[in-house]
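The sequence and structure come first.

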Amino acid sequence: AMAEPAVASPPVAAPPGAAPTFAASPVATQPVGSAPAAPEPRLDEATSQQEFNPTESAVEAVAAISPFQDTVSASEAPETVPAEPLPPFETEWKRPAGIYLSPMDSAGQPSAGAMEILEELHEEEGLPFDVDERGNSRGDNDFSLTMFWWDETGDFTEKWKFPKGRFVVPLQTMGRRMGVTAKASPPGLVRHCYTDHSANPPRTYYYVLVRNSAVRNVTFKDVQQNFAAIGAKPEFDSCFWVQTKIDALLNLWPDIQYDD
């Protein structure tokens, strides 16, 4: 026969004035000889562990939104690409639309600051910096960078200013006197101008990019003869725009080719 279910006895009321009683909590029994169970962590200990031992997913989430993260792991760092060597110097050498003829006394030696600028311009153009103590190129390249200068005194003060991108034929004078033997340099493209105001008197340097020529003995006398052939005289205070005068100068270096 099926056993009848046990029926809980109703609580017995405590006599008046007696202290209330509570049912005892069930206590888990521990087998004899086993190690005692580790105590459960208190609430403050559990919270402490969560604060100082966050999970990996929590770290990733914080890193994703942190505005102060500026480190990159080794696997994410970009590879170092070795610098490529400078390409060979190349430029279009357009035929001048206008050209200056200018005396340059170039007395003394250039300053250290002027030579530093010349070296920087060589680097910008991709040309080897191989010059003598006056800044003249000692290489045999098709192009070279050189400089000419004059001291800002007397009639030379602020008289001739050549804008960047213009061509100029410098005449190397001696003591500001234009002799027929004054050497003329091939047409140069003005790359930079620098006035050294710390010098006394101030000195102006012009840096020009030159396409080199095998013709090295051109003088002011040759300039005069070419201008006389077209019924003109060389002038030093203006730019030549007339084609016949431009040709009178360019024809002094017939081996220089222009990219028309």
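## Pocket and cavity

Four strands, β2, β3, β4 (183-184) and β6, each supply at least two residues of the lining of the largest pocket. The model is predicted: local features need pLDDT of at least 70, side-chain atom pairs count only at pLDDT 80 or more, and totals for chains, interfaces and linings use all residues. Residues are numbered from 1 along each chain as its sequence is written, and side-chain values use heavy atoms, with hydrogens and water left out.

β2 gives the largest share of the pocket lining, 6 residues. Nearest the centre of the largest pocket lie N136, K183, P186, N212 and R216. The largest cavity is also lined in largest share by β2, with 3 residues; H122, P128, S137, N141 and F143 are the closest to the centre of that cavity. The search of the whole structure finds 1 cavity of 30 Å³ or more.

| Space | Volume | Lining residues | Lining make-up |
|---|---|---|---|
| Largest pocket | about 570 Å³ | 25 residues | 10 nonpolar, 11 polar, 4 charged |
| Largest cavity | about 50 Å³ | 10 residues | 4 nonpolar, 5 polar, 1 charged |

On a 1 Å grid over the protein atoms alone, a cavity is a set of points where a 1.4 Å probe fits but cannot get out, and a pocket is an open set with protein on both sides within 12 Å along at least five of seven lines; lining residues have an atom within 4 Å of a point. A volume is the space filled by probe spheres set on the points, with grid points joined across faces, edges and corners. Ala, Val, Leu, Ile, Met, Phe, Trp, Tyr, Cys and Pro count as nonpolar, Asp, Glu, Lys and Arg as charged, and the others, Gly among them, as polar.

## Chain and cores

The chain has 5 helices and 6 strands (DSSP runs numbered from the N terminus: helices are H or I of at least four residues, strands E of at least two). Their order along the sequence is α-α-β-α-β-β-β-β-β-α-α. Of the 260 residues, 30% are buried (under 20% relative accessible area with a 1.4 Å probe, protein chains only). Among contacts (heavy atoms within 4.5 Å) between residues at least 6 apart in sequence, 68% join residues at least 24 apart.

The largest nonpolar core has 36 residues; such a core is a set of buried Ala, Val, Leu, Ile, Met, Phe, Trp, Tyr and Cys residues joined through side-chain atoms within 4.5 Å. I99, M147, Y207 and L249 have the most contacts inside the largest core. At least two residues each come from β1, α3 (112-125), β2 (143-151), β3, β6 (203-211), α4 and α5, and α3 gives the most, 5 residues. Beyond its neighbours within four places in sequence, M147 is in contact with residues including P110, A114, M115, L118 and Y207.

Which residues of helix α4 (residues 220-228) are buried? They are F220, V223 and F227. Viewed down the axis of α4, these residues fall within an arc of 55° (taken from the directions from the helix axis to the C-beta atoms), so they line one face of the helix. They pack against β1 (99-104), β3 (167-172) and α5 (243-250).

Strand β1 also holds S102, which is buried with a relative accessible area of 0%. Leaving aside neighbours within four places in sequence, S102 is in contact with W150, F162, V168, V169, P170 and L171.

Terms used: Buried means under 20% relative accessible area, exposed over 50%, partly exposed in between (1.4 Å probe, protein chains only).
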